[in-house]
Amino acid sequence: MTQLLSNFISGRWQNGTGSGVALMDPVLGTELARVDATGLDLPAGFAFAREQGGAALRAMTYAERAALLSAAVKVLQANRDAYYEIATANSGTVKNDSAVDIDGGIFTLGTYAKLGEALGARRFMLDGEAARLGKDPLFQSQHVLTPTRGVALFINAFNFPSWGLWEKAAPALLSGVPVIIKPATATAWLTQRMVKDVVDAGIFPAGALSVVCGSSVGLMDALQPFDVVSFTGSAETAAVIRSHPAVTQHSVRVNIEADSLNSALLLPDAAPGSEAFELLVKEAVREMTVKSGQKCTAIRRILVPEALYGAVAAAMGTRLAKTTVGNPRNEAVRMGALVNREQLASVQQGLAHLKSQTETLFDGSTVPLVDADATVACCVGPTLLGTRNVQGSDSADRVHDTEVFGPVATLLPYRDLAHALALVRRGQGSLVTSLYGSDPAALGAVALELADSHGRVHVISPDVAALNTGHGNVMPQSLHGGPGRAGGGEELGGLRALNFYHRRSAVQASTAVLATLSNTPA
Ligand code: NAP
């Protein structure tokens, strides 16, 4: 029997009382470890975090908590090799893809450490200026932000066991709110190991950081009114979370990051072979293949002027043909596996669903696997679909509705800019769209047109060809989340992320009282 990964709750490592669920190597098909949360006293664990962890964190200043984040960064950096090994084995990712998760997570934590340092020796934040409430300036209203006296429960998706943990935990801990993380079962090992390393290093006060691996049963039931939940995962599970009594009856604050039909748009004036054309082709292929397309931000719909449909399809096909797929331990392999058999089946099903309304421009099913047994490994080659013509782009409703969480994208020709914008909006709200063109005024105008339906608009002109951070990369300085279909959530965006973990209140008082708030160093 493989090792059972312990849960850390109520300040102690605890094993579940059941036999657990196996975590598998998606390439070799072998069992790696087991997780189990059966029999844990979750209400007691939540109370411990709320009372002990919360009080200890709130007693510190932002700068003091930022120093703890910096210390955690050092511990994580010292253990990077172990994390890469776990990612290869449990996520089936090649080194570059593991880096997006592991180093992306550590980088995000480090960024919040720096942001927190700049907040200095304070324990709350002022929100705007004091406002007069009447003619006499003596009685005013000052909004303040103070950390919520609850826990932050994080329920995460399988595709980012490291980044998904730290992009949420960094702003919560910096705000002074204790964290309970429930990683997706399939890839819980990396999250559990990172939490273990940080806990064993004794960086955070007791109760500040807890991890529950295995079933989600009972987690939402343990929530109380001042707790918050941040969820990342499918729209179906998101609906369960939103309708849970903790949320509907106790007003537990919820942030949802769900699935998204992200798009990339080549502006109408782009010529074949132009820099903008090449940039779109390169990025669309990269987005299809990074982490085998298992990225919530990945480009799923590629919109091009109808005259360029054939040229873009050919250029993408040439690049996709160079993608070697298989065992991530083999240096020749560029794209590893999907995370497990269920995801493989789901991608195959989703592909069949889209194929009924599209043509296949590059067929990943014919790609031979390197160093991997096709009957065991959860590997699949990249597939580019296309809607053939502008009528097809309108009528292929599945392309705008179905997220296939794998190396799959669809090319859609459009008639004119108005048509392109209407097609992008059929995603019903996305995490990100990227624009490719060379005219700054046109790019700026389209960015504003699409901003309301996207958490992020990534605009690529030739001058930033070498500088840009990539369509799918979520940078801690920029907002992550999207309206509508994408879940309606907001994460990151620099210090904006702290809002979720603070309560805003208006203090109505005399100018003299309010002056003590702004002058209070801590
Ligand atoms: P999922 O099946 O919805 O699971 C997400 C998490 O919810 C897992 O930890 C899961 O635990 C847990 N869960 C399942 N049922 C639950 C319940 N009834 N109550 C509470 N928690 C429950 O999603 P996934 O398959 O892991 O992730 C893939 C999806 O996530 C994709 O659709 C992708 O687009 C989306 N995603 C979005 C973002 C974003 O930032 N917007 C990022 C990454 C992924 P178990 O694993 O134990 O079932």
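Which residue places a polar side-chain atom 2.7 Å from an oxygen atom of the ligand? In this predicted model, where local features need pLDDT of at least 70, side-chain atom pairs count only at pLDDT 80 or more, and totals for chains, interfaces and linings use all residues, that residue is E403. Residues are numbered from 1 along each chain as its sequence is written, and side-chain values use heavy atoms, with hydrogens and water left out.

An N or O atom in the side chain of T185 is 2.6 Å from an oxygen atom of the ligand, whereas for S216 a polar side-chain atom lies 3.5 Å from a ligand nitrogen atom. On its own the ligand has 910 Å² of accessible area, of which the protein covers 81% (Shrake-Rupley method, 1.4 Å probe).

The shell around the ligand holds 26 residues, of which N156, T185, S234, T237 and E403 come nearest, a residue being near if one of its heavy atoms lies within 4 Å. By class, this shell comprises twelve nonpolar, ten polar and four charged residues, where Asp, Glu, Lys and Arg count as charged and Gly is among the polar residues. Domain 1 (42-258 + 490-519) and domain 2 (263-476) each supply at least three residues to the shell, with the bounds taken from an automatic or database domain assignment. The largest share, three residues, comes from α7, with helices being DSSP runs of H or I of at least four residues and strands runs of E of at least two, numbered from the N terminus.

Positive phi values in residues other than glycine are found at two positions. D371, with a phi of about 60°, lies in the loop between β17 (369-370) and β18 (383-386), while L492, with a phi near 55°, belongs to strand β23 (residues 491-492).

How values were computed
A polar contact is a pair of N or O atoms within 3.5 Å; within protein, one must be able to donate a hydrogen and the other to accept it, and residues adjacent in sequence count only if both atoms are side-chain atoms.
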